[in-house]
Amino acid sequence: MFFFGEPEDQAKLYWTAAVASLGPAMADSPLDEMSVVDLKIALAYARMAYEAAQKDHAPADTMDVLLEQHDAIFEALVVADDNFRQRVLGNIPGRIIWLGGYSKENIDKYKSLASAS
């Protein structure tokens, strides 16, 4: 696959493709104005965009942009939804699918984001 343009442009293409899939509409609002439901939808699309780019072997810079976008949504969700935050921290039961896998370092990263909120 050939990649052209800036990493941000490539990331936007993956986002556009994810949001265009058969699913709920993505809110057109800043993260701090989204509802919990909107943030959950955005997080799902962020994961879809990241995983599609990963499957395509997108350049590292593009992957970094997509990861930053995912993590920003993740942080907004842990602030907006205490139940999600508590699941991430392991204080209540519930499944978390960690973007980036189940290594201790990766899980610690997301638990750190949740505990800082």
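1. Is asparagine 106 buried or exposed? Asparagine 106 is buried, because its relative accessible area is 12% (buried means under 20%, exposed over 50% and partly exposed in between, with a 1.4 Å probe and protein chains only). Asparagine 106 sits in helix α5, residues 104-116 (helices are DSSP runs of H or I with at least four residues, strands are runs of E with at least two, and both are numbered from the N terminus). Apart from neighbours within four places in sequence, asparagine 106 is in contact with Trp98, Leu99, Gly100 and Gly101 (contact means heavy atoms within 4.5 Å).

2. On the basis of this note: the model is predicted, local features need pLDDT of at least 70, side-chain atom pairs count only at pLDDT 80 or more, and totals for chains, interfaces and linings use all residues. Residues are numbered from 1 along each chain as its sequence is written, and side-chain values use heavy atoms, with hydrogens and water left out.

3. On helix packing: the axes of α3 (residues 60-80) and α4 (residues 82-89) come within 5 Å and cross at roughly 110 degrees. The two helices are therefore roughly perpendicular (65 to 115 degrees; under 35 is roughly parallel, over 145 roughly antiparallel and the rest oblique). Axes here are lines fitted to C-alpha atoms, for helices over the stretch in contact, with angles from 0 to 180 degrees between N-to-C directions. From α3 the contact uses Phe74, Leu77, Val78 and Ala80, and from α4 it uses Asp82, Phe84, Arg85 and Val88. By class, this contact has six nonpolar, no polar and two charged residues (Ala, Val, Leu, Ile, Met, Phe, Trp, Tyr, Cys and Pro count as nonpolar, Asp, Glu, Lys and Arg as charged, and the others, Gly among them, as polar).

4. On arginine 85: this residue of helix α4 is buried, with a relative accessible area of 18%. Leaving out neighbours within four places in sequence, arginine 85 is in contact with Val78, Ala114, Ser115 and Ser117.

5. On histidine 57: this residue lies in the loop between α2 and α3. Histidine 57 is not a glycine, yet its phi is positive, at about 60 degrees. Histidine 57 is exposed, with a relative accessible area of 68%.
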